[in-house]
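Trainee: I would like to go through the terms used for this model and see what each one rests on.
Mentor: Then ask about them in turn, and I will set each value against its cut-off.

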Amino acid sequence: RFNLTGQELFSFTIKYGLDITKTFQFFITKLDSLDYEPPGLVATYTFTIVSRTAFINAGMLVSQAFEGTIDKIIEKIYEDYLGVKLRYKDECSGNYRCVVPNMNPMDAISWLEKRAIDANGVPIRVVNTLNNGTSLESFNTMFQRNSMEEFFINMNPTEKGSEQGAAYEIR
């Protein structure tokens, strides 16, 4: 039996094909249930996990004046308060002066994101994917690029193939 309190680091590695692995880290925020079947032999834990960014966000407040383009302000909040480097960033138009009044970093980013547009007036949004990280992209960028990820399920994996990660494929 594990004693979970709700702040443990949960780490797992996914294997893609035979040679690519990626490790992910989350925090356990809640133990939803603990079942024993048959009693005393097998324990099944169900818990809620959140990303490192969400975990840090919950205990952090931004109370600061900013000046510049919205993309630069969002990037600064991500880096300074959440420790996240944006993978890609489209530029926003216009310079702003704003005071973030004692908000969680993600609330501040969401507030700024509602005002973010590119030079053509196209909205810019924060995009976060498990494999490709966090970026700030205009709708034009999103719709003009090729698909970033495709997920295929192998409907008939062999037992050996499943052990080697061939039950699914992400491209």
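Trainee: Why is Thr53 called buried?
Mentor: This is a predicted model, and in it Thr53 has a relative accessible area of 19%. Buried means under 20%, so Thr53 counts as buried.

Trainee: Where is Thr53, and what does Thr53 contact beyond its neighbours within four places in sequence?
Mentor: Thr53 belongs to helix α1, residues 52-58. With those neighbours left aside, Thr53 is in contact with Leu82, Val84 and Met106.

Trainee: What makes α2 roughly antiparallel to α3?
Mentor: The axes of α2 (residues 70-82) and α3 (residues 105-113) cross at roughly 170°. Angles over 145 degrees count as roughly antiparallel, and therefore α2 is roughly antiparallel to α3. The two axes come within 10 Å.

Trainee: Which residues make the contact of α2 with α3?
Mentor: From α2 they are Ile70, Ile73, Ile74, Ile77, Tyr78, Tyr81 and Leu82. From α3 they are Pro105, Met106, Ala108, Ile109, Leu112 and Glu113.

Trainee: What does Tyr81 contact, leaving aside its neighbours within four places in sequence?
Mentor: Its partners are Ile56, Met60, Leu61, Val62, Gln64, Lys76 and Pro105. Ile56 is 25 residues away from Tyr81 along the chain, and their C-alpha atoms are separated by 8.3 Å.

Trainee: What makes Asp118 count as buried?
Mentor: Asp118 has 10% relative accessibility. Buried means under 20%, so Asp118 counts as buried. Its place is in the loop between α3 and β7 (124-129).

Trainee: Which residues does Asp118 touch, not counting residues up to four places away in sequence?
Mentor: Asp118 touches Glu91, Cys92, Ser93, Ile124, Ser138 and Asn140.

Trainee: Why is Cys92 called buried?
Mentor: Cys92 has a relative accessible area of 8%. The cut-off is under 20%, so Cys92 is buried. Cys98 also counts as buried, because its relative accessibility is 12%.

Trainee: How many disulfides does a search of the whole structure find?
Mentor: The search finds 0 disulfides. To be counted, a pair of cysteine sulfur atoms must lie within 2.5 Å.

Trainee: Why is Leu9 called partly exposed?
Mentor: Leu9 has a relative accessible area of 48%. Exposed means over 50% and buried under 20%, with partly exposed in between, so Leu9 is partly exposed. Leu9 lies in strand β1, residues 9-16. Not counting residues up to four places away in sequence, Leu9 touches Gln25, Phe26 and Phe27. Leu9 and Ile49 are 40 residues apart in sequence, and 9.2 Å apart C-alpha to C-alpha.

Trainee: What makes Lys22 partly exposed?
Mentor: Lys22 has a relative accessible area of 29%. Lys22 lies in strand β2, residues 20-36.

Trainee: What does Lys22 touch, not counting residues up to four places away in sequence?
Mentor: Lys22 touches Phe12, Thr13, Ile14, Tyr16, Leu130 and Asn131. Lys22 and Asn131 are 109 residues apart in sequence and 8.4 Å apart in space, C-alpha to C-alpha.

Trainee: What is the phi of Asn102?
Mentor: Phi of Asn102 is near 60°, a positive value in a residue other than glycine. Asn102 is in strand β6, residues 96-103.

Trainee: How many helices and strands does the chain have, and what share of its residues is buried?
Mentor: The chain has 5 helices and 10 strands. Of its 171 residues, 28% are buried. Its accessible surface comes to about 11,200 Å², and 52% of that belongs to carbon and sulfur atoms.

Terms used. Residues are numbered from 1 along each chain as its sequence is written. This is a predicted model: local features need pLDDT of at least 70, side-chain atom pairs count only at pLDDT 80 or more; totals for chains, interfaces and linings use all residues. Side-chain values use heavy atoms; hydrogens and water are left out. Axes are lines fitted to C-alpha atoms, for helices over the stretch in contact, and angles run from 0 to 180 degrees between N-to-C directions. Helices (H or I, at least four residues) and strands (E, at least two) are DSSP runs, numbered from the N terminus. Angles under 35 degrees count as roughly parallel, over 145 as roughly antiparallel, 65 to 115 as roughly perpendicular and the rest as oblique. Contact means heavy atoms within 4.5 Å. Buried means under 20% relative accessible area, exposed over 50%, partly exposed in between (1.4 Å probe, protein chains only). Accessible areas come from the Shrake-Rupley method with a 1.4 Å probe; for residues, only the protein chains shown count as cover.
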